[in-house]
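Please keep the sequence and the model in view while reading.

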Amino acid sequence: MVTVTVTAKFHNPSLSRQKEWQRASRLYRDTKQFCINGWENGDFGKSVTTASIDNDLYSAIQNQAIREAKSDHSKDGEVRYRESQPFAINNQNWELDTTENGTVVVGFPCVSQWWYTPIEVYDDIANPVDRLVEGDAKKTRLQVYRRGDDWYCTFNAEYDADTSGETPIGVDIGERHILAVTAYGESESMLVSGGEAKYVRRKYRSLRDSLSEAGALRARNRVGDKEQRRIKDLNHKLSRRLITFAERFENPVIRMENLEGIRENSSWSGVHSWHFHQLQQFITYKAERAGIRVETVDAYHTSQRCSACGSMGTRDGDHFCCSGCGRGRHADLNASENIAQREGEPCTA
């Protein structure tokens, strides 16, 4: 099963549609906040229904807002929605179709009526859109939101695909080498040092400590913002570099470790403030835009097993030596080869 995230821009929606969608975004936020407040104040139980919601949103949208609010309320901490929310419709209550001239339109309920609006279908999303129109794929919930002056929708398409002829791209994300990448079966690899990331962390940690001792809290907060921007920029560059590498091969599929628990398992103190998850997110959404499938695999023993014979081996710095076949390999590239060979679960941004 392949899962592809489709993000499409609506083509020249009328002013009346945009006004209604904007109103729906506000009502969606208010519906979610109403639910959160009611649960926190004990006004009603978790089984709240659309009968309790007093606004003009279609019931399908109200139901989706209730589901999202329940999910948010289950998390720790106060929940307050200060901005308009992308409003969502479950998979059964929106449509993807074509007009007589072949224009792809998305239809969904809102406030006053159903709207059928053309979307711009660029090359990267043409295949999953065509599959959905032809009935060869399943769709998930639809989200509608505004970005600047434009309106977009996003949804997932799920379908069976022939995976023969794919080139697995194994990606090991770590501290010593931030990216270790292998195109399995192609004898090509890429190593990117983690030195720049470590330098950024050390530099800004030292600045924060100095400013804290001086009592300059505002300046300390600004340093934190600068650090976040540096890390974000680095992650963008790393993810673009990886996608460029993957695009060199026929039918690439990127496989990465499931990074849950990586912070607990690392001996590097700086890992607790390093945005491994952000890097994985950037890789995923850039891969989707390039039409490359992404999977996450079980991280168990990817660093300890030989990628050639499967035996356990030993690591000395950057060198891995297999106790079974005697093969020597760069330790992180050995891990990336193991990752490339494992079957994974679909990963979407």
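Predicted model: local features only at pLDDT ≥ 70, side-chain atom pairs only at ≥ 80, totals over all residues.

Residues are numbered from 1 along each chain as its sequence is written, and side-chain values use heavy atoms, with hydrogens and water left out.

**The sheet**

Helices (H or I, at least four residues) and strands (E, at least two) are DSSP runs numbered from the N terminus, and two strands are said to pair if DSSP finds at least two bridges between them. On these terms, six strands form an open sheet with mixed pairing, in the order β11-β10-β9-β12-β13-β17. Its edge strands are β11 (188–193) and β17 (345–346), each of which pairs on one side only.

Strand β9 (residues 167–172) is joined to β12 in the parallel sense over five bridges. Strand β13 (residues 293–297) also runs parallel to β12, and five bridges join these two. Within β13, Arg293 is the bridge partner of Val253, and Glu295 stands opposite Arg255.

Buried here means under 20% relative accessible area, exposed means over 50%, and partly exposed lies in between (1.4 Å probe, protein chains only). Because six of the six residues of β12 (residues 252–257) are buried, this strand is largely enclosed by the rest of the structure. In a regular strand the side chains alternate between the two faces of the sheet. Both faces of β12 are covered, with Pro252, Ile254 and Met256 buried on one side and Val253, Arg255 and Glu257 buried on the other.

**Salt bridges**

A salt bridge is a side-chain nitrogen of Lys or Arg within 4 Å of a carboxyl oxygen of Asp or Glu, and the structure holds 17 of them.

| Salt bridge | N to O distance |
|---|---|
| Arg293 and Glu166 | 2.6 Å |
| Arg293 and Glu295 | 2.4 Å |
| Arg329 and Glu337 | 3.0 Å |

Arg293 is buried, with a relative accessible area of 15%, whereas Glu166, with 22%, is partly exposed. Arg293 and Glu295 are both buried. Salt bridges that share partners join Glu166, Arg255, Arg293, Glu295 and Glu343 into one network. Glu337, the partner of Arg329, is buried with a relative accessible area of 8%.

**A charged patch on the surface**

Lys203, Arg218, Arg222, Lys226, Arg229 and Arg230 gather on the surface in a patch of positive charge. Such a patch is made of residues with over 30% relative accessible area and no salt bridge, like charges being joined within 9 Å and nonpolar side chains (Val, Leu, Ile, Met, Phe, Trp, Tyr) within 5 Å. Helix α5 (residues 217–246) gives the most to the patch, with five residues. Arg230 is found in this helix, and at 30% relative accessibility it counts as partly exposed.

Key. Areas by Shrake-Rupley, 256 points an atom, 1.4 Å probe, with all protein chains shown as cover. Lys, Arg positive; Asp, Glu negative; His and termini not counted. Charge placed at Lys NZ, Arg CZ, Asp CG, Glu CD.
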